[in-house]
Amino acid sequence: MLYRLAFLVVTTSLIFTASLNAQWSGTVVYAVQTENDFQPKGLDYLPQQVILETNGQQFRILETGTDFERVWLMDEDEAHVLFHFLGHAVELLEPCPNAQPLILSGRGGTRDVAGITGIITRRSTGWAVESEQLGTAPCGWPTAWIPLQCTIEDGQARYELVAQSVVDLPKKQWPRKHFDLPDGYEPVDRFTLSTLISSIPSE
């Protein structure tokens, strides 16, 4: 009897611990807002919409703009950036930074965005609204938790993401290879990409 009771206590504890560590699985659709219509001259990769998808372990982020599309496939160690350049399907491998984003000050209340309550924080890029309910953010993002609202700095570009919808999707309902690297993309490093870009004749 004591053995059964001990087994029940241990099993319950394991289930409770697993539920605490479980990561959210689903999709967040963000609208993109530029700051004071800021867009450096010649910049053509500013997205108009960003869609974050996660199964609780991996991330797939789709950026779409007027004339481009980028897909980020991310895990804890690295990010594969997929896009088309000069008619070629290109895969750029980016390492994930080890350091957590800088927190400039503590929490400052809550705000509801897209039907979810988030915590207002001050991050290195500015104010953000983060949701612990949605789990940890992808590597390289300026927040610790998946944001409902935040400012992104991408090269010369600086813009704000504002969540428009948040949809739950259990991990087992994602297509089996949805977060896998697709075939047909040519791996390049930043040096090769920079060389290709510099070879483009200026107008």
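F179 is buried in this predicted model, its relative accessible area being 8%. W174 likewise counts as buried, at 10% relative accessibility. Both values fall under the 20% cut-off for a buried residue, which is why W174 and F179 are assigned to that class.

The structure holds 2 aromatic pairs. A pair of aromatic rings is described by the distance of the centres and the angle of the planes. Y30 belongs to strand β1, which covers residues 26-34, whereas W141 is found in the loop between β10 (126-130) and β11 (147-154). The pair therefore ties together parts that are 111 residues apart in sequence. Y30 and W141 are both buried.

W174 and F179 also form an aromatic pair, and its geometry is edge-to-face. The ring centres of W174 and F179 are 5.2 Å apart, and their planes make an angle of 75°. An angle over 60 degrees counts as edge-to-face, so the 75° of W174 and F179 places the pair in that class.

R123 is buried, with a relative accessible area of 5%. The side chain of R123 makes a polar contact with the side chain of E130, at 2.6 Å.

Notes
Residues are numbered from 1 along each chain as its sequence is written. This is a predicted model: local features need pLDDT of at least 70, side-chain atom pairs count only at pLDDT 80 or more; totals for chains, interfaces and linings use all residues. Side-chain values use heavy atoms; hydrogens and water are left out. Buried means under 20% relative accessible area, exposed over 50%, partly exposed in between (1.4 Å probe, protein chains only). A polar contact is a pair of N or O atoms within 3.5 Å; within protein, one must be able to donate a hydrogen and the other to accept it, and residues adjacent in sequence count only if both atoms are side-chain atoms. Rings of Phe, Tyr and Trp (its six-membered ring) pair if their centres lie within 6.5 Å; planes under 30 degrees apart count as stacked, over 60 as edge-to-face and the rest as tilted. Helices (H or I, at least four residues) and strands (E, at least two) are DSSP runs, numbered from the N terminus.
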